Amino acid sequence: MQHTQLFIDGEWRESRSAETIVVVNPATEDIIGSVSHARHADLDDAVSAAGKGFKIWRKMSPLDRSHIMRTAANLLRERINRIATVMTLEQGKPVAESKTEINASADILDWFAEEARRTYGRVVPARGEGIYNLVLKEPVGPVAAFTPWNFPISQAVRKLGAALAAGCSVIIKPPEETPASPAELVRALADAGLPKGVVNLVFGTPAEISSYLIAHPAIRKISFTGSTPVGKQLASLAGLHMKRITMELGGHAPAIIFDDADVKFAATVLAAGKYRNAGQVCIAPTRFLVQDALYEEFISEFVERTVALKLGNGFDEGVTIGPLANDRRQAALSSFVEDAVQSGAKVAAGGGRGQNKGYFFAPTVLIDVPTTARAMNEEPFGPLALIQRFKTFDDALEEANRLPFGLASYAYTRSIRNATAISAAIESGMLSINHYGLALPELPFGGVKDSGYGSEGGLEAVESYLATKFVSQASPAD
Ligand code: NAD
């Protein structure tokens, strides 16, 4: 049994009320531990610690900040076997995927550590002699960050890395369902020498924590990753209190396979992207739009790769796809499939819960899915591939842009004309053509429309934790 504590002002501790929440293994449904439940009194402690931490961290040189972040990245790498076990136990993904996530998270931290040294301002030429127009970049202040359970460490490190690089302190609330792995990230930072109060870790009732922290005058910036409905609620609350925000929300990625594509390659890359983390990925390809001439062949290639997957406990040898992270997703996936079949879709692979115990759902391919099916409109967030045919470029584009989501999109084609036209017309924050090239730390990561705003990668990620101050300075008269 593993118990995860709060981390406030440099101390691991229980909540003042001593309340806890249970943690369940999604592969077995066994209770595997608990997490401390913070209430307002604990949040007050965290806010006051973040205020003190901010004063220290903002004054520390970017070079020193960078060293601490790099040391933490190396600690994650050294501890990878232990942390991967913790992650698979509470989240369900195969151990190899947990290790990939931890290594990627260490790389993200390294990248932000470097960016810490490049939070440049600029000097704008003045209109008079002896005047200096200085554009200065300053950390916005203490941040409240909310992260989800699909990538317990890498979702957290994208926010912590950018905030720490900018010189901000943070109160982070990772998911209560997978608390121990993000706590390991915080432990690595603390062990690397992060000053007290710079990062504070809380868990509890999400709505209670977000409404309290967003409204709190000491918190200057909000960053949230999760569903669009929750993101809209938090964005409106942040608007009421004039807080800066980054919102990384849901997606419903179209993958367009034109009739001149390399169909086997497209099926291989897209199946890997679809089923990674049991499909619980905001940028996972979901609506597969296949041009007439390749329709049957793509289905056959994609189904072949789907049925080759081995569903099971992430600790078992040879398992390539684990359970869903919680029972809500299992119920949601069942209802999406049932509704689509009633609307006229056909099941080409999978379709059901998979195993009796655990939150398993078989990787599923639905074909000829009508646009009216719920799954074609709401984010399935699971191992569900929806395949539809199209005739012309314009038909594909219309379907790709039909939904309010606009996070990731994919296209497969040998034609430069198709590639250029789709880049210009697609309504999404990210587009990957003829390969799977999203989510690296040095590249922008974010959506448009209902998928949110702001970026969690690239230069833009740090910028959103910086405020611009303009100083115009003249020499005093002699
Ligand atoms: P949900 O909308 O209840 O919660 C999503 C996340 O937001 C969770 O981590 C939760 O703890 C947090 N949350 C919920 N209400 C909150 C509040 N008032 N204040 C602060 N945080 C809050 O849904 P869920 O059942 O946990 O997940 C299902 C949906 O969430 C999926 O369909 C998907 O759209 C979305 N999701 C997106 C991502 C992503 O990477 N963008 C990750 C996980 C979940």
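**Reading the ligand shell**

Tutor: Helix 7 gives the largest share of the shell around the ligand, 3 residues; helices here are DSSP runs of H or I, at least four residues, and strands are runs of E, at least two, numbered from the N terminus. This is a predicted model, where local features need pLDDT of at least 70 and side-chain atom pairs pLDDT 80 or more, while totals for chains, interfaces and linings use all residues. Residues are numbered from 1 along each chain, and side-chain values use heavy atoms, without hydrogens or water.

Student: How many residues surround the ligand, and which are the closest?

Tutor: A residue is near if one of its heavy atoms lies within 4 Å. Here 22 residues surround the ligand, with Trp149, Ser210, Ser227, Arg328 and Glu379 the closest.

Student: Where does the ligand lie relative to domain 1 and domain 2?

Tutor: Domain bounds come from an automatic or database assignment. Domain 1 (2-249 + 451-470) and domain 2 (253-440) both supply shell residues, so the ligand lies between them.

Student: Which polar side-chain atom lies 2.9 Å from a ligand oxygen?

Tutor: A polar contact pairs N or O atoms within 3.5 Å. That one belongs to Trp149; a polar side-chain atom of Gln155 lies 3.1 Å from a ligand oxygen, and for Asn150 the distance is 3.3 Å.

Key:
A polar contact is a pair of N or O atoms within 3.5 Å; within protein, one must be able to donate a hydrogen and the other to accept it, and residues adjacent in sequence count only if both atoms are side-chain atoms.
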